[in-house]
Amino acid sequence: MTPPNAAVLDVTGVSKHFGGLAALTGVSITVKRGEIFGLIGPNGAGKTTLFNIVTGLYPPDAGEIAFNGARLTGMKPHQVAECGIARTFQNIRLFANMSALENVMVGRHVRTRAGVGGAVLRNAATRAEEAAITARAYALLEYVGIAGHAVEPAFCLSYGDQRRLEVARALATDPVLLALDEPAAGMNATETAKLKRLLERIRGDGTTLLLIEHDVKLVMGLCDRVAVLDYGRKIAEGAPLEVQRDPAVVEAYLGGALA
Amino acid sequence: MRLPTERWRDWKRDPRVAWAVYLGLAVLLLALPFFTDWAAGRAWVRIAAFALLYIMLALGLNIVVGYAGLLDLGYVAFFAVGAYLYALLASPHFGIHLPFWALLPACALLACAFGVLLGAPTLRLRGDYLAIVTLGFGEIIRIFLVNLNAPINITNGPQGVNLIDPIRFGGFSLAQTHSFLGIEFPAVYNYYYLFLLLTLAVIFVSMRLEDSRIGRAWAAIREDEVAAAAMGINTRNVKLLAFAMGASFGGVSGGLFAGFQGFVSPESFTIIESVMILCMVVLGGMGHIPGVILGTVLLVALPEALRYLGPLQQAAFGRVLADPADLRLLVFGLALILVMLLRPSGLWPSPVRRRELAAGDDVGSARV
């Protein structure tokens, strides 16, 4: 167990090109255990690309990613999940036709073992595992506050509830780091406030959070530290208030004239 | 005052009703050969046995297509692998006569290996592209079977393998008429009961797999592969497992087919067979075991029933106006089109699939 304040995720000099487009150029960030780290920047700055590289969806062209003592570079998404990074998606990607409960149960896959033999024979060990999966999934639905919708198919849930369900599904993998890609996108003020409380509670329960967010108010109120990306480069990093005053950040967001 | 629908729901939940239904089904299935023999002739007992073979096949394909959502158009290849393995190891062709208990698992295992062989290079493909590659695979297997008679004669080429040993357990051959409790059991009855037993086993395995950690992983991949991988599902292994499980059902079915027919040739394993098996799965209701069984029974029985179109015309008009063989395909095609128009999610879809297809727009918007 690393002590608090030790780096849990270390991204060093990551670059990524898509054809002629440099999506990321030498980006380094360090997320410390137990903090809420925000990743902000204008549209197209490379935030989601960085997320996808960290979670193994794309390999980086250059750079290294270390997580919790393991080298993530070159790992497949499922291996990254096994190492303890769970994510949500900017465009909600639930298993739309499975029930909310089943969605969360799928999240338990990586922490459970039953194979074909267990499934067919349904021996005592498998039955116990299934019961534990169901109980844990239900508890997580309660944790995010949508247990009342457990049997409904995911696509029937309201937009805010779908976002919560994605969080519950990600938490089911027992993550060390929860990576959220624009969790508040499309939410109204009330829903955002509820989300903020949920994220604070998740951090309080010992999970480190990395989030991409556009809602500046949410980022400033929630994050311990933020990094700002612009055109694939990191232009600032630090406490939210410092970053907010950084001339490079103001320029990136509002254009050169005001800087 | 209770609503009729509520009473119906309570009634459906009553375990006593469930047991009564199972008991009724068991009696029906056990008596089926005797009844069909009496009512429609021995040929229909044979058709019933074939229907059971096809149910095993369709349930195998259902794992790949229905559960994991991988469109496989070459499924008959696994049926062929099972059938030829049985044929080559239990016939005078090589002079090898292995016992049934050793052959059947071998058929399953070899088909399983072929399933992985097909699955491995197609893992990155989805949808249409996967369908094209699997279609090619099915044809490759068939063309191998046709051409592997030179320089060394392995498959006996287009003539196929003849005089395959009937299925036997020790000295008890299914190909002979047996008498039990004073009742005569002709060969085709014996096969029917063996197939029934194995079909029940396949149904059992399918049901257990569907409702398990593995089944959920398959469903997750079907719904959204990227999200499934991000949740820690090893999509490569889980997809290969679907191919392997589906193929092994096909292999078992193929072995039984070879023993039942006594003859196999590459002609039995054409692309049209793959399409028919896929039709059985899709027509009945992908991913829903009762639906798949219903689809299979209909697709096996309907073409046979349409053979009576000839005699019917004879009776009605005094002569045969249209060749029944042509009419059969016409009526068959029409029936398929009608079903797809009127019940696009299949005749008896699973609740999940019905939602998926009925609420297509909602599903789309949920993913935006």
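Helices (H or I, at least four residues) and strands (E, at least two) are DSSP runs, numbered from the N terminus. The model examined here is predicted, so local features need pLDDT of at least 70 and side-chain atom pairs count only at pLDDT 80 or more, while totals for chains, interfaces and linings use all residues. Residues are numbered from 1 along each chain as its sequence is written, and chains are lettered from A, with ligands numbered from 1, in the order in which they are written.

H7(B) has a packing partner in helix H10 (residues 235-261) of chain B, at an angle of about 180° and with the axes 12 Å apart. Axes are lines fitted to C-alpha atoms, for helices over the stretch in contact, and angles run from 0 to 180 degrees between N-to-C directions. The angle therefore makes H7(B) roughly antiparallel to H10(B), a term for angles over 145 degrees.

Turning to chain A, strand E9 (residues 225-230) pairs with strand E3 (residues 36-40) in the parallel sense over four bridges; two strands pair if DSSP finds at least two bridges between them. Here A:Arg225 is the bridge partner of A:Phe37. E9(A) also runs antiparallel to strand E10 (residues 233-238), joined by five bridges, with A:Asp230 opposite A:Arg233. In the hairpin of E9(A) and E10(A), two residues lie between the strands, and A:Tyr231 takes a positive phi near 45°.

Conventions. Angles under 35 degrees count as roughly parallel, over 145 as roughly antiparallel, 65 to 115 as roughly perpendicular and the rest as oblique.
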